[in-house]
Number of protein chains: 2
Amino acid sequence: MFGTIQSYFRLRYGRDKAYYRMLKTIFGLRPNNIELYKLALIHRSASLFLDDGAPINNERLEFLGDAVIESIVSDFLFIEFPEADEGFLSRLRSRIVRRSSLNRLAIEIGLDRYVIAQGGNGFAQKHLYGDTLEAMMGAVYLDKGYDFSNRLFINGILRKYVDLDDMSEQETDFKSRLIEWSQKNRKRLQFDSAPSASYTAKSPHFRTTVLVDGRPSGDGEGDSKKESEQRACQEAIRRLERLGESVLSEAAGGSDGE
Amino acid sequence: MFGTIQSYFRLRYGRDKAYYRMLKTIFGLRPNNIELYKLALIHRSASLFLDDGAPINNERLEFLGDAVIESIVSDFLFIEFPEADEGFLSRLRSRIVRRSSLNRLAIEIGLDRYVIAQGGNGFAQKHLYGDTLEAMMGAVYLDKGYDFSNRLFINGILRKYVDLDDMSEQETDFKSRLIEWSQKNRKRLQFDSAPSASYTAKSPHFRTTVLVDGRPSGDGEGDSKKESEQRACQEAIRRLERLGESVLSEAAGGSDGE
């Protein structure tokens with residue numbers, strides 16, 4: 001009898017010890033309520049069931065964590081890009097918080113090894129690890145509060161594993177965006193670039209006009225051809241969006257299946 | 001000269017005093033940084049412009065506040081409905097945070113009187129006050145932190161002006177949801193209800209079968225006819241959603257134009 005109890009406790013303690021270690025390693029945190037984090041690891045496919053048939057899994061925590069992450073990332077981008085307009089911030093945020101991106105993050109921090117799920121490669125499994133990361137952040141939020149979650153996600157995950165410079169560059173690469181859009185919508189693009197009248201070898205200056213289906217749609221100037229092209233494309237995009245085309249948001253949404 | 005300076009200061013002080021008073025009255029808060037709140041009131045249509053042409057308005061704060069409100073409301077619903085599944089929580093959240101609902105809230109708390117905007121009844125103006133409420137919550141978040149914003153929004157606004165019982169009842173009124181869906185999708189609904197075999201006057205028991213286009217689609221039992229109908233409809237909805245119909249989310253999304 002005593003042996004049974006003892007081995008029960010050893011088993012339980014042993015189990016929990018692994019959770020404590022994982023939380024320490026991956027998130028650098030020491031939980032107050034370990035049960036929250038255990039729950040966060042249980043994917044729908046591995047649900048436990050209460051007597052009344054209600055399933056126990058991480059979906060409620062995922063609902064919460066998803067919103068918490070979005071708020072944390074919004075705060076971060078707001079401060080990090082003081083000059084950026086709301087459209088840029090929204091597109092960058094959607095790049096960071098989309099499921100495929102969170103899924104990649106979850107794998108990079110090593111969370112994938114701890115997820116409790118039943119096999120199968122169906123649609124539900126597609127962003128399994130990203131969903132778990134969201135649920136985990138829901139657990140951190142409930143256990144440790146918002147400010148702790150904020151520091152953890154930004155310093156422990158985002159700054160380490162997300163190349164923000166690259167992302168924001170992609171986001172402001174208006175030429176690529178415009179080309180993507182034109183291919184998708186079967187439009188013909190042309191770029192007319194030339195040194196402008198004020199051009200000298202010492203202070204070069206370029207002008208570009210971008211034509212969509214032969215129609216001049218944006219002008220730009222700059223110290224290099226590249227810069228003038230980017231500005232011309234930016235103007236063209238602005239005009240196209242005013243006409244109801246969604247050039248930038250289409251690109252940001254991606255073909256991510258979300 | 002002295003008079004000019006004096007009246008300038010009086011004007012400025014007078015202006016800020018009005019902001020302080022408004023924040024005290026509407027949000028019960030005493031700001032650390034009043035400028036944030038002033039900015040939150042400036043709608044895009046009334047933008048100021050920097051020398052480089054960059055507009056100054058509340059859109060960045062709105063981007064932030066929108067996410068903060070969503071996180072706060074998610075937390076609240078998570079705690080308030082410990083038994084609810086993630087689908088219910090999501091639908092209830094979307095009812096609360098949608099622009100038309102925030103717009104109504106902004107008017108109820110009296111924020112509409114302070115919004116700085118240029119006239120016009122275009123689309124941009126549609127949720128003007130709701131957008132401002134979001135921006136205001138963004139300002140509160142930056143000025144006072146998340147926990148303060150949380151208490152303010154839940155206790156000062158949500159609990160006072162949102163009828164959660166009514167909302168959650170609408171959300172769990174499966175019969176109404178199913179009827180709405182059937183009208184929208186031109187399906188014929190029938191309800192077959194009868195006392196079940198175990199029926200006695202003392203412990204009445206009912207069974208309902210709901211038929212969609214003549215086909216039995218859900219069964220339910222209950223102590224009243226109404227209860228059995230609700231359960232039958234819930235089962236029918238679950239089946240329809242598994243077949244790819246979005247019965248509940250369509251209803252939650254509403255024809256809100258979002």
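**Figure 1. Side chains of A:R95 and A:E171 joined by a polar contact of 2.7 Å.** The model is predicted: local features need pLDDT of at least 70, side-chain atom pairs count only at pLDDT 80 or more, and totals for chains, interfaces and linings use all residues. Residues are numbered from 1 along each chain as its sequence is written, chains are lettered from A and ligands numbered from 1 in the order in which they are written, and side-chain values use heavy atoms, leaving out hydrogens and water. A polar contact is a pair of N or O atoms within 3.5 Å; within protein, one must be able to donate a hydrogen and the other to accept it, and residues adjacent in sequence count only if both atoms are side-chain atoms. A:R95 lies in helix α4 of chain A, which covers residues 86-97. Helices (H or I, at least four residues) and strands (E, at least two) are DSSP runs, numbered from the N terminus. The relative accessibility of A:R95 is 9%, so the residue counts as buried (buried is under 20% relative accessible area, exposed over 50%, partly exposed in between; 1.4 Å probe, protein chains only). Besides A:E171, A:R95 is in contact with A:S101, A:M167, A:Q170 and A:R177, when neighbours within four places in sequence are left aside. Contact here means heavy atoms within 4.5 Å.

**Figure 2. The two positions, A:D66 and A:E134, that UniProt gives as "active site" in an unreviewed entry.** The two residues are spread over 69 residues of sequence but cluster in space, with a largest C-alpha distance of 5.2 Å. UniProt positions follow the numbering used here, feature names are shortened, and annotations may be inferred rather than shown by experiment. A:D66 sits in helix α3 of chain A, residues 59-80, whereas A:E134 belongs to helix α6 of chain A, residues 128-144. With a relative accessible area of 21%, A:D66 is partly exposed; A:E134, at 1%, is buried. Leaving out neighbours within four places in sequence, the contacts of A:D66 are with A:R99 and A:E134 and, from the other chain, with B:R93.

**Figure 3. Surroundings of A:E134, with its side chain in polar contact with that of A:R99 at 3.0 Å.**

**Figure 4. A:S47 and A:N57, whose side chains are joined by a polar contact of 2.9 Å.** A:S47 is placed in the loop of chain A that runs between α2 (34-40) and β1 (48-49). A:S47 has a relative accessible area of 15% and is therefore buried. Apart from neighbours within four places in sequence, A:S47 touches A:I42, A:P55, A:I56 and A:N57. For context, the secondary structure of chain A comprises 11 helices and five strands, and 45% of the 258 residues in chain A are buried. Of the contacts in chain A with a separation of 6 or more, 55% join residues 24 or more positions apart.

Figure 5. Leaving aside neighbours within four places in sequence, B:G138 is in contact with B:L61, B:L64 and B:G65. The C-alpha atom of B:V68, 70 residues apart from B:G138 along the chain, is separated from that of B:G138 by 7.0 Å.

**Figure 6. Interface of chain B and chain A, with 26 residues from chain B and 26 residues from chain A.** The area buried between the two chains is about 2300 Å², with 63% given by carbon and sulfur atoms; buried area is the accessible area (1.4 Å probe) that two parts lose on being put together, summed over both. B:R60, B:F63 and B:F78 supply 36% of the area that chain B buries against chain A, more than any other three residues. The interface has zero salt bridges, a salt bridge being a side-chain nitrogen of Lys or Arg within 4 Å of a carboxyl oxygen of Asp or Glu. Between chain B and chain A, 10 residue pairs are in polar contact, both residues at pLDDT 80 or more.

**Figure 7. Elements of chain B on the side that touches chain A: α3 (59-80), α4 (86-97), α6 (128-144) and α7 (146-161) each give two or more residues.** Helix α3(B) provides the largest share of this side, 14 residues. By type, the residues of this side of chain B are 14 nonpolar, four polar and eight charged. Ala, Val, Leu, Ile, Met, Phe, Trp, Tyr, Cys and Pro count as nonpolar, Asp, Glu, Lys and Arg as charged, and the others, Gly among them, as polar.
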